[in-house]
Amino acid sequence: MAPPVSAPKSASPSQPSGKSEVTDLKLQLRQLAGSRAPGADDAKRDLFKRVISCMTVGIDVSPAFSEMVMCSATSDVVLKKMCYLYVGNYARCNPDLALLTINFLQKDCHDQDPTIRGLALRSLCSLRVQNLVEYLVAPLAAGLKDHSSYVRTVAAIGVLKLYHISATMCHDSDFPAALKALMLSDPDAQVVANCLYSLLEIWTQEAANSEEAAREIETLYGKSIIYYLLNRIKDFSEWAQCLVLDLVSKYIPSDNSEIFDVMNLLEDRLQHANGAVVLATIKVFLHLTMSMTDVHQQVYERIKAPLLTLVGAGSTEQSYAVLCHLHLLVMRAPMLFSSDYKHFYCQFSDPSYVKKLKLEMLTAIANESNTYEIVTELCEYAGNVDVPIARESIRAVGKIALQQYDVNAIVDRLLQFLEMEKDYVTAETLVLVKDLLRKYPQWSHDCIAVVGNISSKSIQEPKAKAALIWMLGEYSQDMMDAPYVLESLVENWEEEHSPEVRLHLLTAVMKCFFKRAPETQKALGAALAAGLADSHQDVHDRALFYYRLLQYDVAVAERVVNPPKQAVSVFADTQSSEIKDRIFDEFNSLSVVYQKPSYLFTDKEHRGPFEFSEDLSNLAIGGDSGDDVIHSAQRYEENDKDLLLSTSDKEENGGPTHNGSSTYSAPSDVNSSLTSLVPSSTTQPATFAIDDLLGLGVPDAPALPPPPALSLNAKPVLDPGTFQKKWGQLTVSSSQESTLSIQGVASLTAPQSLIKHMQNNSIQCIASGGQPPNYKFFFFAQKEASSSFFLVECIVNTASAKAQIKIKADDASASDAFASLFQSALSNFGSS
Amino acid sequence: MQQLQCIFLLSESSGEVMLEKQTTGHHVDRSICAWFWHQYHHHHNNDQMSVVTSPTHYLFPLIRHGIVFLACTQLELPPLLPIEFLSRFADILSDYLCAGAGVTLNEDIVKDNFVIVYEVLDEMMDNGFPLTTEPNLLKDIVLPPNLVTKVLHAVTGNSSPSVGPTLPHAAASTVPWRSTHPKTITNEIYVNLVEQLDASVNRDGNLRRCQVYGEIQVNSSLPGFPDLTLSFTNPLLLNDVRFHPCVRFRPWESSQVLSFVPPDGHFKLMTYRVKELKKIPIYVKPQLTSDSGNCRIYALVGVRNDPGKTIDSIIVEFQLPPCITSADLTSNHGTVDILADKTCRWSIGQIPKDKLPSLSGNLVLEPGLDRLHVAPTFQVRFKIMGIAMSGLQIDKLDVKNMPANPYKGFRAQTQAGDYEFRS
């Protein structure tokens, strides 16, 4: 993120060298300076034009500063404008010379013509020279009281410019208060908007250090000001409307009827010609209705049409930005868009980044009713001229297959892809078939029949090759020539450049060996030997590990390398829901376009304190004082992003209990098999003559000691700040869904009851909030005689009697024990 | 804070900086333009993102008429704000510098009038936040060059200030889009329905999707404070509508009529969308068969649901896949050209009465390739004057508050947008 080295201000080669030109201009200007001859203004104008055009192409014309100022005593408005432009550009680098301009600018601030007054004031404020600020105060004060609204609009922004040069001077002159008074009384909407703009920035910057400013900000977000602005919304220019709408999106109405009033008032903004206004309005609607699940869904229905129109009708630039927002909403609530799938069909002329977003959306909204149509469409893209998009489409088909229960037709389609005999299509498809088999082992027969016909030599891409090898290993009993294919691959070990493929090859040969030992023994020996000699550390280590494992005990080796596998029910998502929620909070901002929350990409110094308040700080701490809880409950709803997740978070419930990574990797496989060894499985697969092969005994697998019962510190201490920090640092170690007893649901009329109950179980609540039926709690607990904490986020829905639990732990190994403890405490709730 | 820190105008062809406008105390070095220019040429032109992250700033490029309008900022802001602003800026410049001159905006015009451009930009934005973007208001503050030269030059002979003599009183008025002292009045109003038809037909000839984006363009030149009401015979078919700020919302809500006080000159009264159309006016039937390194291509174009008006300027285009080494294409009507970027363009014009235009030929594949695995998409362009394909019809336009009845003109046209046939 280093700033680019600022290039020296050299004129481009095509430009004439600036030096002589500037000297020439200086000379001519000097001659004209005092001239009152007729036609002098015209001559000046030509000269000024030349100066400005030099400035524009990058020639430094600042040496002519004094001459320009001398010539500026004129009544010609165009001359004045050009002069202001020049002065504004060079004053910063020539603060001493800038003093020369003050005089005539100040004089112009008293001109009869309001246009001149306004222009002069704007230029005066744009000089941005530290030691000239004292000259700004009087003209600004006069400007704020000017009878022309044009001058007042300029002055309102001028105050902000002054603030950026000298904050103290701005405060000493009491300008913020004057702006506020003007904002609340001026008849001109543009003046009001500019005052608001300046005040927002000034107070936001101050709020971190000054309580008074923080209070002022509170007032801006308060009911009276919001209503005042909303009532005039149609008077404002479209840009000012964006500003006001942004303000309103942070307003917290006191009750539902107020929410409906605001929405009714703003509904026609959704039909504004300016897309920025439409998006700002949508943000208001989404944020206002956060706590009302039904209405929130209706809002989605209402905003769909304007968004789709903006995407289709706008310029390409516009349409991409809107599409990103649509993408965000679709990902949050795919069900609500399932009937609009046709809008996300790719057009030939769409740029590929647009196609990519559309493919993701099509994948997300596929359900029972539209899968057939969507998959048919996606299959047509596989023949697309644009190869990355063709690949992406095949992946999309695969993802849909992984989401759906009825995969019959999709598997057929995927297998048809393999028959296309196009290298990248085959490669992508192989990877997908591998993933599909992990989830739907019942399809193995159909897939293997087709996969078996693919020659491993025709596949070059490491991922695809690895997938094919994995299938050869996994289904070697069903594929006649698997050992021989593997053997030939092992023979070409040296030519295989990708370590990923070599790793898979090792594992596949092992698996094949367990099933068809006589045929594979030779290949295994060769593979282990090649692996041991491999220069890649991981390959070497794995080969060594397998070798020793086999030496130790072949049966154990089999259970480690090729245990019976559970079908993967859900593949983990790449983006955490927290990140998604954060982006949603920042709707109508660059975050959405980047698909990253702003704290990940914006510069610290430019962050306002408001955008980034952590949601925890909005929750009541400890939850003892009743007043606080009610207040914070509403604050909480503003931030609650999980309500709509019920439609979209199916991919999360499974959590990391299953194989987490979407690409198959052997080490994790080994880990999970090792743990499955512990309850010493009795089903030993049939083995034959393995003992003869390596001549080793079969000792019992050593039983791991049972995990010690977890006891919790009854009175742990953790302050909210530390909690917040820890929560941010740790990753979710366990995420589960639990059911509450009916008595529990009945007694959960307020968050307090559950908090008390958990306290009795040595689990403390640090923050809570929500309204029926949704409550959210943050709990923590500490392991007895240890410094390790457990942090829990628990979302309870009383309507469904379900609780979603996310646990983060300092000591991840104890997290399972804690999770069961927490669950049992939760399920006991209400019964005691 | 919602703030653009700098605006540059670059030439799209050479990357030369034509104009630089710093709006805040934060100085953006113009080396960013060189950086952007480099990026722009390394991407495929078509794939230019609407938001570009440079190492120091976020850039919003908008390319119109061979000019790159580039806004820079370091702050988080609603992405549509700069995009909308820049496109408004481009529109206003076109209006300012080219209206009535019979040319479209280009580099040279901007360079010749850069003082005006500076003046306009100065009024459109203060401290990086958009201010006045209503063309009528702006024209009161900064006179367009044509008026300056035409009117004032004739009167005074020499002096030609481009600053309006008076202030925009309309700023305080409740209808900011209407200038308080309109210039020449001809007492006429033209309403033009312009529709763009998007359709895609898949390999099997099924219509996958078909919709219309429409615009009602109005050119108004009416005296005083006219109050207009425009009604449609079939407003219910409109799927989603967006209005110019002059349109009153309530009458539309209650009875689907457009009630408004129009600005002077050209403006977009309403944009709308009609989805799920069932009929397309023109079809293409492409057939590609390939074996042993050759691909036979045959495509037929015809009218399907006769719109009742002539379909004009029909052009069929498709991209030859990269794996094709040579192509030999002929048609029985119109001309076939293969452009430098391997686009094959078949210009048909109008469909003759006696025969169906067809294109046939042979494509030779790269050595080693037996069959063609990719399927080109055929894009069609056409124009139909005198009809709006969505079926939307204007019922009547009532004019109130007018001393004399004005002349009213109505037109309609449909053109192809994304109109494609997959093979």
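Colleague: How many residues of chain B are in contact with chain A?

Modeller: This is a predicted model, to start with. In it, 93 residues of chain B touch 104 residues of chain A; contact here takes heavy atoms within 4.5 Å.

Colleague: And what area is buried between chain B and chain A?

Modeller: About 9000 Å², with 53% of that from carbon and sulfur atoms. That figure is summed over both sides. On the chain B side, Glu76(B), Arg208(B) and Arg242(B) lose the most area to chain A, together 9% of what that side buries.

Colleague: Why is the pair Arg208(B) and Glu373(A) called a salt bridge?

Modeller: Their side chains come to 3.5 Å, N to O. The rule asks for a side-chain nitrogen of Lys or Arg within 4 Å of a carboxyl oxygen of Asp or Glu, so the pair qualifies. The count between chain B and chain A is eleven salt bridges.

Colleague: Which classes of residue make up the side of chain B that touches chain A?

Modeller: There are 43 nonpolar, 26 polar and 24 charged residues on that side. Across the interface, 27 residue pairs are in polar contact, both partners being at pLDDT 80 or more.

Colleague: What share of chain A counts as buried?

Modeller: 57% of its 832 residues. They get that label because their relative accessible area is under 20%. Chain A still exposes about 34700 Å², 54% of it supplied by carbon and sulfur atoms.

Colleague: What does the secondary structure of chain A come to?

Modeller: 41 helices and six strands.

Key
Residues are numbered from 1 along each chain as its sequence is written. Chains are lettered from A and ligands numbered from 1 in the order in which they are written. This is a predicted model: local features need pLDDT of at least 70, side-chain atom pairs count only at pLDDT 80 or more; totals for chains, interfaces and linings use all residues. Side-chain values use heavy atoms; hydrogens and water are left out. Helices (H or I, at least four residues) and strands (E, at least two) are DSSP runs, numbered from the N terminus. Buried means under 20% relative accessible area, exposed over 50%, partly exposed in between (1.4 Å probe, protein chains only). Accessible areas come from the Shrake-Rupley method with a 1.4 Å probe; for residues, only the protein chains shown count as cover. Buried area is the accessible area (1.4 Å probe) that two parts lose on being put together, summed over both. A polar contact is a pair of N or O atoms within 3.5 Å; within protein, one must be able to donate a hydrogen and the other to accept it, and residues adjacent in sequence count only if both atoms are side-chain atoms. Ala, Val, Leu, Ile, Met, Phe, Trp, Tyr, Cys and Pro count as nonpolar, Asp, Glu, Lys and Arg as charged, and the others, Gly among them, as polar.
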